[in-house]
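Have the viewer open as you read.

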Amino acid sequence: MIAVTKCAFCGGDIKSNPDDLLLICPFCGTAQTVEGAKLKEHYMIRVHFDQNQSFTTLLDWVSKQLGVPGDLGSTAHLLKAEQIWYPFWVSRIDAQSSYKGLGRDATFSDEWPQYRGAYKRIDFFWKPESGEFSRNYEIKVPGVGAIDQDIKSMAIPTRAKEYFSHDHAEQYGGTLLHSQMSEDGAKAAAKQIALDRQTGLITQEISKIESRDDKVNIGETFLVHVPVWEIQYRYGNKSFKASVSASTGYVIESEYPRSAAFRAMGLGLGFVLLIIGAVLLAMGLGVLEIPFAPIQELVGAYVGGDLVAGGLLMAVALVFMYKGASRKQAKEKE
Amino acid sequence: MGTEAQAADIFKCPVCNGNVRIGPDDMVITCSYCGSTTTIEGKAIGDHLMEMAIGDRERTDGFRAYLGKHKGANKALVQGAQVVENNLIFVPVWTSKVKADSWYKGYKTVQVPVQRTRTVRDSQGHTRTETYTAYETGYVPVQSEIHSDTDEPLLARKGSRFYGLEDYLKTIDLKDTVRYDFEKIKDLKPTMLNAEIGADEYEKSASGQVADRHRAQAKSGLSELFDCRTTTAVRGTTYLQAPFALIRYKFGGGLFKCAMDGHTGRVLVGEIPITKGQRALWTLLAILGIIVAAVGGEFAYRGYITEPGSVMIAGIAATVVGIIMTVLGIRILMMPQREEKG
């Protein structure tokens, strides 16, 4: 279901899905509505890490993860690096909400003689309350819905923003994603988020809202495209995926390999510990007797110790086995 | 086809008439020629201050000092760390004094010890009464106030955040600042960022933030908060350009980072590698923990079946300590790095 629209500025063909509401012309880079109206507030963050720098940074970063094979940095090779420009809408919203409603309060009676100031009875009642909350919010709404959660929630890098430059985006053969949200849609979404937060504040103060009046002022709203390297690399005979911020070199997330030795150790050690733990636990509970007298006498005599040590060992064993068996993803903390 | 030239990229400095390249959403502009700072409409913003920054080498020294402090048993860390990124960036910060006064009302619950008597029958069939302590719930009405007067620095950029930001903002102190003068820092080749958030917006954000903090503080000790009213007053809003550095370094094939105050060269928060030797030590701690817990468990069990008392309590305490040691040891064993404050 790919539709073709003519760019209202250069006449080039823009391919888009029916969901896309704000289109970026792949030829001249102009952001425009489906009807051809230009969006002025269209920004970008510059690329500071090219394909190779991003891949090197990724491998260096991944190398410190638990159980990563030591030769990852030298033997992993890049299969594919695609630069994707993700659109985000950012709005500042000024919200002032006055409210009226019923809030909880209580009366206290029958003081405890042993504890001055503490009462045996509490009786809740409702009382009319009114007030006002004034807050300023900054709200970021991803322009596309079906993308990875970690990319959706990534912070816009603290780097200079610039007017969107198509030349710059093209320099690395980047793919520009259209926004599935129009400017009005983004403003409406941001307004709703701000109102929900105001509601959160009000319901902390009163339980039943009888009336409220919200004055919401949507400040400047802009669209910013943020470049991300979507990397696929191979180690051994498996391939792994990663997303690296092209402007800061941060690893948004990455899958990574674990060495066979690490897995074997995790699983093997975990298994041994699990058996020892289970035996200790069973002996502690008195459901198992070891036919070898010296051990039975030594270990069986300490019921409490057996139970505690057995339980702990089994817990540790499960952690080891999990680490050994799991396929991992890691994210860099911002 | 190229992008059409955007007139808004250039701002004419109202003081020296210079053409200043600006970001599209910049609200407060610092002239790159004469350093004068105005709003985008050309209005004065009052004091424009900055914190002085230190050079590349001093920053590296500060970084090595941080590594030295946290190297633990890893003697090779300070020499072996190889800095791959050490960029100085001046971030725009708004700061002001926010005086806030809250009045709140709610209640909390306490356990009230009550002496009770009960009749018990002993093994010979005699009955006797004994007293014991029971705990009953008491409701305590609370009505109190919170007063604060604090500095509230906030980053004046939209939608952005960086590693160590919260710790960094805490270090900002107007006492360390000087009047903004680009000449004094230009040799350091810093990246300068203008503010995207104006003073009015900042003041609202700061008041809201303090009010929310008061509410959270009021709520923390209570079972329920009925009412909380806060009034805030913002004064002395000041614009400040503050130096920050992100340092990334390689050690043992891995990549680590730390956030530095570019004024003092002190690392605020950073990542420290864990070596194989250190992992072995933590594993040892975990094993020791299991032994301690087991011995404790044995004492607790024996205490319990003979006569509950101090032996049992000591046993339980040892078990808990042992479990904590094990959890800590295994946790660190599994971590890719430690995070340490400077």
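Start with chain B, where the domain assignment gives domain 1 as 21-103 + 144-273 and domain 2 as 277-341. Keep in mind that this is a predicted model. The C-alpha centres of those two domains of chain B sit 40 Å apart. Where they touch, 11 residues of domain 1 of chain B are in contact with eight residues of domain 2 of chain B. On the domain 1 side, strand S13 of chain B (residues 267-273) gives the largest share, six residues. By class, that side has six nonpolar, four polar and one charged residues.

Seven residues of domain 1 of chain A are in contact with four residues of domain 2 of chain A. The domain 1 side of that contact has two nonpolar, three polar and two charged residues.

Next, how do the chains meet? Chain A puts 61 residues into the contact and chain B puts in 56. Among the elements of chain A that give two or more residues to its side are helix H1 (51-63), strand S6 (77-111), strand S7 (119-142) and helix H5 (183-205). The largest share of the chain A side, 11 residues, comes from H8 of chain A, which spans 303-325. By class, the chain A side has 29 nonpolar, 16 polar and 16 charged residues.

H6 of chain B runs over residues 276-306, and its 31 residues reach 45 Å from first C-alpha to last, close to the 45 Å expected at 1.5 Å a residue. Its buried residues include B:Ala286, B:Gly289, B:Ala293, B:Gly297 and B:Tyr301.

In soluble globular proteins, nonpolar side chains tend to be buried together. The largest nonpolar core here has 111 residues, and A:Leu58, A:Val224 and A:Val244 have the most contacts inside it. Strand S11 of chain B (residues 224-251) gives the largest share of this core, nine residues. Apart from this core lies another, of 24 residues, among them A:Ala309, B:Ala293, B:Ala318 and B:Leu333. For a closer look at the 111-residue core, click on A:Val224, which touches residues including A:Tyr43, A:Phe88, A:Ile156 and A:Lys161.

Key
Residues numbered from 1 in each chain as written. Chains lettered and ligands numbered in written order. Predicted model: local features only at pLDDT ≥ 70, side-chain atom pairs only at ≥ 80, totals over all residues. Contact = placed C-beta atoms within 7 Å. Nonpolar A, V, L, I, M, F, W, Y, C, P; charged D, E, K, R; others polar. Core = buried A, V, L, I, M, F, W, Y, C linked by C-beta atoms within 7 Å. Buried ≥ 20, exposed ≤ 12 C-beta atoms within 10 Å, placed from the backbone. Helix = DSSP H or I, 4+ residues; strand = E, 2+ residues; numbered from the N terminus. Expected span 1.5 Å × (residues − 1). Domains from an automatic or database assignment. Lists of a residue's contacts leave out its neighbours within four places in sequence.
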